[in-house]
Amino acid sequence: MRSAVIVDVVRTPSGRGKPGGALSGVHPVDLAAGVLTAVLERNGLESTQIDDVLMGCVSQVADQSLNVARQAVLAAGFAETVPAVTIDRQCGSSQQAAHFAAQGVIAGAYDIVIAAGVESMSRVPLGSSAHGGTVSQGVMRRYPEGLVNQGVSAELIAARWGFGRDELDAFSAESHRRAADAWTRGRFDSQVVPVLGGDGEAVAFDETVRPGTTTEGLAGLGPAFRTDALAERFPDLDWRITAGNSSPLTDAASAALIMSEEKAAELGLTPRARFHAFAVVGDDPMMMLTGPIPATRRILERSGLSMDDLDAYEVNEAFASVPLAWQRELDADPSRLNPWGGAIALGHAVGASGTRLLGTLVAHLEATGGRYGLQTMCEGGGMANATIIERL
């Protein structure tokens with residue numbers, strides 16, 4: 001069986017996903033085109049060598065409509081013969097794109113493929129794709145009280161696992177500290193491709209990282225998701241989830257160059273890591289964000305590895321309660337969990353986060369000499385992807 005290898009991973013800086021954010025003036029198609037172009041240039045490839053481009057994007061409307069992956073391929077100047085498809089597995093969309101890309105290589109359907117992701121949450125607000133929609137009768141019959149948004153799910157997780165406000169805020173402050181330290185030490189330099197913002201100025205650093213964040217500073221923030229109706233429905237919730245212990249709305253794009261090991265050797269390219277195992281699960285759509293727990297258990301069983309074999313784990317920080325619950329259930333080493341910070345600091349451009357985490361994981365294994373790394377991502381609707389890679 002062929003193996004699928006990662007040759008390169010690039011990303012843009014993270015811009016705040018609101019009007020006036022550093023990347024809010026950049027069309028998402030152009031944001032995605034930039035990382036596609038960078039992948040070719042950094043590796044001396046022609047676009048005609050790419051068999052397919054698989055791109056994650058969650059809100060596929062307005063500026064992100066009409067198959068944003070294909071639009072980005074055309075905007076990047078790729079040959080018109082290069083196909084592209086846009087994938088929506090919610091927050092795990094580009095991680096799923098990487099799964100499909102690697103699985104296509106392993107199956108022999110691809111030799112070289114780009115897995116990517118993009119989201120401009122300033123121009124296409126989260127939830128835009130649901131505008132005007134209604135809930136089906138079948139879903140209403142199954143969940144008569146209605147499902148909830150992810151913020152409420154994060155509250156339910158915090159309550160179930162007993163995480164206090166101080167613990168959630170301390171985790172968040174540590175995420176910012178680790179991310180700022182990683183930037184200071186140049187850990188992201190090999191991944192990040194500067195972008196010209198709408199004002200013509202180069203954006204080279206993550207706008208979302210706040211180096212001076214403290215637990216005490218976060219303590220002054222109020223609940224982000226509490227409403228009178230929700231408080232009546234969930235009278236036992238303490239409402240501990242704030243903007244400070246949640247990932248910020250973000251604009252960003254990312255891309256990974258994936259190919260067969262044989263093709264890399266033929267082209268004289270050096271593989272950085274190998275895809276070792278994959279898993280995807282469904283989970284309780286009310287809790288919604290607990291999927292990484294069963295996804296991790298499944299991928300460990302399939303791979304024959306244990307938690308002790310993993311040198312690092314990238315667990316997406318949609319909200320602080322998510323990686324904290326995962327850490328407790330898996331008895332994970334906190335020093336190996338998001339060692340360079342996570343989405344609370346680095347941003348969560350939902351369609352792009354999967355390949356962003358992949359790039360961070362590869363770079364961390366290289367910097368520390370680690371062998372195996374795990375990436376897992378909670379996803380809207382109660383799902384999760386998990387990936388194990390092996391550094392080469």
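Ala-130, Gly-133, Thr-134, Val-135, Val-139, Met-140, Tyr-143, Pro-144, Gly-146 and Leu-147 line the second largest pocket of this predicted model. A pocket here is an open set of points on a 1 Å grid over the protein atoms alone, with protein on both sides within 12 Å along at least five of seven lines, and a lining residue has an atom within 4 Å of a point. This pocket's volume comes to about 220 Å³, a volume being the space filled by probe spheres set on the points. Sorted by class, its lining holds 7 nonpolar, 3 polar and no charged residues. Nonpolar covers Ala, Val, Leu, Ile, Met, Phe, Trp, Tyr, Cys and Pro, charged covers Asp, Glu, Lys and Arg, and the others, Gly among them, are polar.

Because the model is predicted, local features need pLDDT of at least 70 and side-chain atom pairs count only at pLDDT 80 or more, while totals for chains, interfaces and linings use all residues. Residues are numbered from 1 along each chain as its sequence is written, and side-chain values use heavy atoms, with hydrogens and water left out.

Next comes the largest pocket, with a volume of about 610 Å³. It is lined by 26 residues, and Cys-91, Leu-126, Gly-127, Gln-150 and Val-350 are the closest to its centre. The lining again has no charged residues, with 14 nonpolar and 12 polar.

Then there is helix 5, residues 150–161. After the helix sits Gly-162, with a positive phi near 70 degrees. Helix 5 is mostly covered, with 9 of its 12 residues buried (under 20% relative accessible area, by a 1.4 Å probe on protein chains only). Those buried residues, Trp-161 among them, pack against helices 6, 8, 10 and 11.

Finally, Thr-242 lies in the loop between helix 8 and strand 8. Thr-242 is buried, with a relative accessible area of 0%. Its side chain reaches the backbone nitrogen of Gly-244 at 3.0 Å. Beyond neighbours within four places in sequence, Thr-242 is in contact (heavy atoms within 4.5 Å) with Arg-165, Asp-169, Leu-221, Gly-222, Pro-223 and Ala-224.

Conventions
Helices (H or I, at least four residues) and strands (E, at least two) are DSSP runs, numbered from the N terminus. The expected span of a helix is 1.5 Å times one less than its number of residues. Buried means under 20% relative accessible area, exposed over 50%, partly exposed in between (1.4 Å probe, protein chains only). On a 1 Å grid over the protein atoms alone, a cavity is a set of points where a 1.4 Å probe fits but cannot get out, and a pocket is an open set with protein on both sides within 12 Å along at least five of seven lines; lining residues have an atom within 4 Å of a point. A polar contact is a pair of N or O atoms within 3.5 Å; within protein, one must be able to donate a hydrogen and the other to accept it, and residues adjacent in sequence count only if both atoms are side-chain atoms.
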